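Biologist: I would like to go through the terms used for this protein and hear what stands behind each one. Please set each value against its definition.

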Amino acid sequence: MSNHHFYEPKDGPAGIPGLDHDPLNSIVAPRPIGWISTLSEDGTRNLAPYSFFNLFNYRPPIIGFASMGWKDSAANIAATGEFVWNLVTRDLADVMNRSAATVGPEVDEFALAGIATLPSRLVKPARVAASPVAFECRHTQTLRLETREGRALDQWMILGEVVGIHIAPELIAEGAYKTAAAHPILRGGGPGDYFEIREDALFKMQRPG
């Protein structure tokens, strides 16, 4: 008989001794950060981080993020069909956090957080100049998430095909991209937990067969 704690998410974890916060975000963690830049139809720049983000296909590369509520990023992508993902590194953690401020759609988060930009090549939204990796993307799908009963949620999964990739040369060595060399950060659980990828955390394991 297992001595694991058990709870049903619909009821919350209140019955588990010593647990004051829902652990879900801490369990499914750390997660890559979707630092997404977009343009509105009138040309206003937008930059926002999303903690539900990942790569979902290899050829062609498809990435996606989920927005809790129909936020500016979602509206801009729906209107223009384009966005850029910017890699968040340890050095960029503070400005990334500043770009998460809750502000109106007329506010330019690049200016708000003091973030310099570089132009993209194939899409109109700018990329973060200091980010060592950026993916230029064109929108492919938006999915509204539903419960098992089919009730629509105010949660939107936005997918895009990566059409252009920028990589800083110092991140390539021995014929491969070196993940830890960029010192990327990942979202953990709780209101402010992040993790940094470092070389000393690396271990290797080959797939069987």
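Biologist: Which element gives the largest share of the lining of the largest pocket?

Modeller: Strand S2 does, with five residues. This is a predicted model, in which local features need pLDDT of at least 70 and side-chain atom pairs count only at pLDDT 80 or more, while totals for chains, interfaces and linings use all residues. Residues are numbered from 1 along each chain as its sequence is written, and side-chain values use heavy atoms, with hydrogens and water left out.

Biologist: What makes a space a pocket, and what makes a residue part of its lining?

Modeller: The search runs on a 1 Å grid over the protein atoms alone; a pocket is an open set of points with protein on both sides within 12 Å along at least five of seven lines, and a lining residue has an atom within 4 Å of a point. The largest pocket has 41 lining residues, and Ser51, Phe52, Ala66, Met68 and Lys71 lie nearest its centre. Among the elements that give two or more residues to this lining are S2 (45-50), S4 (62-68) and helix H2 (72-80).

Biologist: How many residues of that lining are nonpolar, polar and charged?

Modeller: The lining of the largest pocket has 23 nonpolar, twelve polar and six charged residues. Ala, Val, Leu, Ile, Met, Phe, Trp, Tyr, Cys and Pro count as nonpolar, Asp, Glu, Lys and Arg as charged, and the others, Gly among them, as polar.

Biologist: What is the make-up of the lining of the second largest pocket?

Modeller: The second largest pocket is lined by 21 nonpolar, three polar and one charged residues. Leu55, Trp85, Val133, Phe135 and Tyr177 lie nearest the centre of this pocket, and S3 gives the largest share of the lining, four residues.

Biologist: Why is the pair Arg45 and Asp108 called a salt bridge?

Modeller: The term asks for a side-chain nitrogen of Lys or Arg within 4 Å of a carboxyl oxygen of Asp or Glu. The closest N and O atoms of Arg45 and Asp108 are 2.6 Å apart, so the pair qualifies. Arg45 lies in strand S2 and Asp108 in the loop between H3 and helix H4 (109-113), so the pair ties together parts that are 63 residues apart in sequence.

Biologist: What is the N to O distance in the salt bridge of Glu8 and Lys10?

Modeller: The distance is 3.7 Å. Glu8, at 38% relative accessibility, counts as partly exposed, and Lys10, at 62%, as exposed.

Biologist: How far apart are the closest N and O atoms of Glu82 and Arg138?

Modeller: They are 3.8 Å apart, and the pair forms a salt bridge. Glu82 in strand S5 (residues 82-86) and Arg138 in strand S8 are 56 residues apart. Glu82 counts as buried because its relative accessibility is 13%. The structure holds seven salt bridges.

Biologist: Why is Val128 called buried?

Modeller: Its relative accessibility is 1%, so Val128 counts as buried. Leaving aside neighbours within four places in sequence, Val128 is in contact (heavy atoms within 4.5 Å) with Trp35, Leu47, Asn86, Phe110, Ile115 and Ala116.

How values were computed:
On a 1 Å grid over the protein atoms alone, a cavity is a set of points where a 1.4 Å probe fits but cannot get out, and a pocket is an open set with protein on both sides within 12 Å along at least five of seven lines; lining residues have an atom within 4 Å of a point. Buried means under 20% relative accessible area, exposed over 50%, partly exposed in between (1.4 Å probe, protein chains only).
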